[in-house]
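Keep the structure open while you read.

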Amino acid sequence: MKKSLLLGLSTLALIGTATVSHARMNDNSWYVGAGASWIGTNETNKFSMNTGPDADEQSGIHKIGLEDKAAFGGTLLVGKNLTDNMFSELGYSFDTSSANARKTVDNIAGDSTDVNLTLNRMHTYSLGLGYSTSMNESLDAYFKISALFTQFQVDNKVSDIAEGGEYGSASKKQWRWGWAPTIGLAKDLGRGFNLKGDYSYQMYSRIRQGLNPQGNAGADANTLNKIKPRYHVVSVTLTKSF
């Protein structure tokens, strides 16, 4: 993921190489935009493992990292320049980001149990407030704070390794609030078009996903996953003011 992140940040650096007219748009102007993003996950999954009919019997608390697959997404936004330096943006994005956590643990019965969890991020709505400043005649830099509202899908499966059977599985979609600081560069391409490139670190409230299958007397496996979603996002967006 580190190599992919460096590649994405290098793309931002290339955005600022050419010299064109001033990037800042006129005061009180509206603009719309569309762009593409690279997304990398940086999350921790903390889960507890229980067995047997007594849910209070706990075999331990384990913390593992979610391994991600580099993903891409798309963004649509509408924004307004409030003053020469302040702006606000309302956006929608969709991506295919998926991260997986898998760990083998011994339950209190001494059996090896395989815990598998997948976290998918789907729809995101954002509302941001930003501040921009001129770097030179051709380039602006900006900082933005955004509130996020995102839909996640969590898939959880617990299996008995020795017997090769599945204790149970669960899949659930959940909405979570989050926030993101963003830094970026913007330049004017002429005729109201601007090219923006930025990096944001997106953080969300904790997701809880439990699994308590029944029917395997004396061998029930109960899990409670607590996930803190974190994302590195590098975006390039083309906007048009009017």
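Where the chain folds up, it leaves some gaps: the structure holds 2 cavities of 30 Å³ or more. Bear in mind that this is a predicted model. The largest cavity has a volume of about 440 Å³, and 31 residues line it. If you want to find its middle, look for Thr75, Ser126, Lys144, Gln202 and Ser235, which lie nearest the centre. Strands E1 (30-41), E5 (71-81), E6 (86-95), E8 (112-134), E9, E10 (165-190), E11 (193-204) and E14 (230-241) each give two or more residues to this lining. E6 gives the most, with 7 residues.

What kind of residues make up the lining of the largest cavity: nonpolar, polar or charged? There are 10 nonpolar, 15 polar and 6 charged residues in it.

Now for the charges. The structure holds 3 salt bridges. Lys144 sits in strand E9 and Glu89 in strand E6, so to speak distant parts of the chain, 55 residues apart.

Glu89 counts as buried at 7% relative accessibility, and Lys196 counts as buried at 10%.

The remaining bridge pairs Asp95 with Arg121, whose side chains meet at 3.0 Å, N to O. Here strand E6, with Asp95, is linked to strand E8, with Arg121, across 26 residues of sequence. Asp95 counts as buried, at 4% relative accessibility, and Arg121 is buried with a relative accessible area of 4%. Step back and you can see how the salt bridges connect: shared partners join Glu89, Lys144 and Lys196 into one network.

On to the greasy side of things. In soluble globular proteins, nonpolar side chains tend to be buried together. In this model, the largest nonpolar core has 15 residues. Leu66, Leu119, Phe152, Val154, Ile207, Ile227 and Tyr231 touch the most other members. Strand E7 (98-106), E8, E9 and E14 each supply at least two residues of this core, and the largest share, 3 residues, comes from E9. There is also a second, separate core of 5 residues, which includes Tyr31, Leu77, Phe87 and Tyr142.

Before you leave strand E9, have a look at Lys157, which has its place in that strand (residues 140-160). Why is Lys157 called partly exposed? Its relative accessible area is 35%, and partly exposed covers the range between under 20% (buried) and over 50% (exposed). Lys157 also shows how folding brings parts of the chain together: Leu117 is 40 residues away in sequence, yet the two are 6.4 Å apart in space, C-alpha to C-alpha.

Notes:
Residues are numbered from 1 along each chain as its sequence is written. This is a predicted model: local features need pLDDT of at least 70, side-chain atom pairs count only at pLDDT 80 or more; totals for chains, interfaces and linings use all residues. Side-chain values use heavy atoms; hydrogens and water are left out. Helices (H or I, at least four residues) and strands (E, at least two) are DSSP runs, numbered from the N terminus. Buried means under 20% relative accessible area, exposed over 50%, partly exposed in between (1.4 Å probe, protein chains only). On a 1 Å grid over the protein atoms alone, a cavity is a set of points where a 1.4 Å probe fits but cannot get out, and a pocket is an open set with protein on both sides within 12 Å along at least five of seven lines; lining residues have an atom within 4 Å of a point. Grid points are joined across faces, edges and corners, and a volume is the space filled by probe spheres set on the points. Ala, Val, Leu, Ile, Met, Phe, Trp, Tyr, Cys and Pro count as nonpolar, Asp, Glu, Lys and Arg as charged, and the others, Gly among them, as polar. A nonpolar core is a set of buried Ala, Val, Leu, Ile, Met, Phe, Trp, Tyr and Cys residues joined through side-chain atoms within 4.5 Å. A salt bridge is a side-chain nitrogen of Lys or Arg within 4 Å of a carboxyl oxygen of Asp or Glu.
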